[in-house]
Amino acid sequence: MPIRKESIQIISALRSNLESCILGKSVEIELLLTSLLAGGHVLIEDVPGTGKTQLVKALAKSISGDYRRIQCNPDILPSDITGVSIFHPRDQQFYFRPGPVMTNILLVDEINRATTKSQSALLEVMEERNVTVDGETHDLPHPFMLIATQNPIDFEGTYTLPEAQLDRFMMKINLGYPDASTEKQLLLNHQIGQPVDRLEAVTHMEHIATIQQEIRNIHINEVVVDYMLELIRRTRDHQAVLLGASPRASLAFMMACKAYAFLQERDYVLPDDVKKLAPYILSHRILLRSESRLESIHVESVLGSIIQGVSVPVTMMMGDKG
């Protein structure tokens, strides 16, 4: 099914809106939009002050989405995230008071500062898009996207994210420091206030939901699927790896490639799309063996060798796109 021109125009305007506010991060913005359109969640790992929160706020404002922020710390409780049932004496019954997860765009700031018990409150939210409080299940708004941040160099007062939670993030990205010219322009833009405060919405959540459904019709050739699965299989078989990518990762990978193809204004997935996204989809899902870490082997080098070791398909079946 061909891509609607209206959908392309909407996402092009959204991308331009974000790039006008978050300077020098076109690649990261493209990855964030890929996850949004694929219905996935994103983990942003970077040092403080690199614009993580501003990027999320700009995204929510640009799509007219409801936005909530959770500042994690060791004292936060699961009920502070999901909500709580409150008893009203007059009515003699409990009423559900929604937590901040009842939103479209949820920013979980410094997620690794929350205890493992509080982090576990997000597992159902991220996978099933609902919360269960006192045995009653409440659906989240649609669309829903969770974006979490964590500091990669701060270890005091932090808790390592469990593998089951990491696996629920479609992508892990880094923003990094801006270059000199970009940082100068950033300073000039901030003289009259935060650029994100001056942003105008360019679309609505209903449009995003429609485009998410359109993306499911993006064509992916069986040859490309085989290439993708070979990359995933090798993460499981590599001698330095204790835990490789899961079947959930395979599904996330496929949807991300479809969304990325859409952002390139194509209605079919190319092998290069798979190769481009592989580091962002797979890196946080690979757990190295302890002896590998002792030998200073890094996930990036392992994944790089896997990607280099799998031949990129250059021909496809006749009659298929790409």
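Predicted model: local features only at pLDDT ≥ 70, side-chain atom pairs only at ≥ 80, totals over all residues.
Let's start inside. In soluble globular proteins, nonpolar side chains tend to be buried together. Here, the largest nonpolar core has 71 residues, and Leu 59 and Phe 253 are the ones that touch the most other members. Helix 10 gives this core its largest share, with eleven residues. There's also a second, separate core of 22 residues, with Ile 81, Leu 106, Ala 148 and Phe 169 among them.

Back to Leu 59 for a moment. Leaving aside residues up to four places away in sequence, Leu 59 touches Leu 18, Leu 32, Leu 33 and Leu 36, along with Ile 105, Met 145 and Ile 147.

Helix 9 runs over residues 222-237, so 16 residues in total, and its first and last C-alpha atoms are 22 Å apart, close to the 22 Å expected at 1.5 Å a residue.

Which residues of helix 9 are buried? They are Val 224, Tyr 227, Met 228, Leu 231, Ile 232 and Thr 235. These cover an arc of only 130° around the axis, so they sit on the same side of helix 9. What do they pack against? The partners of the buried residues are strand 10 (241-243), helix 10 (247-263), helix 11 (271-282) and helix 13 (299-309).

Turn to the face away from that buried side and you'll find the exposed residues Glu 222 and Asp 237. At the start of helix 9, Asn 221 has a side-chain oxygen that comes within 2.7 Å of the backbone nitrogen of Val 223.

Lys 61 belongs to helix 3 (residues 52-62). Is Lys 61 buried or partly exposed? Its relative accessibility is 32%, so Lys 61 counts as partly exposed.

Now look at Val 196. Along the chain, Lys 61 and Val 196 are 135 residues apart, yet 8.1 Å separates their C-alpha atoms. The side chain of Lys 61 reaches the backbone oxygen of Val 196 at 3.3 Å. Not counting residues up to four places away in sequence, Lys 61 touches Val 196, Asp 197, Arg 198, Leu 199 and Ala 201.

## The cysteines

A disulfide is a covalent bond between the sulfur atoms of two cysteines. How many disulfides are there in this model? The count is zero.

How values were computed
Residues numbered from 1 in each chain as written. Heavy atoms only, no water. Disulfide = S-S within 2.5 Å. Helix = DSSP H or I, 4+ residues; strand = E, 2+ residues; numbered from the N terminus. Expected span 1.5 Å × (residues − 1). Buried < 20%, exposed > 50% of the residue type's maximum accessible area, 1.4 Å probe, protein only. Arc of directions from axis to C-beta. Contact = heavy atoms within 4.5 Å. Polar contact = N/O pair within 3.5 Å; in protein donor to acceptor, adjacent residues only side chain to side chain. Core = buried A, V, L, I, M, F, W, Y, C linked by side-chain atoms within 4.5 Å.
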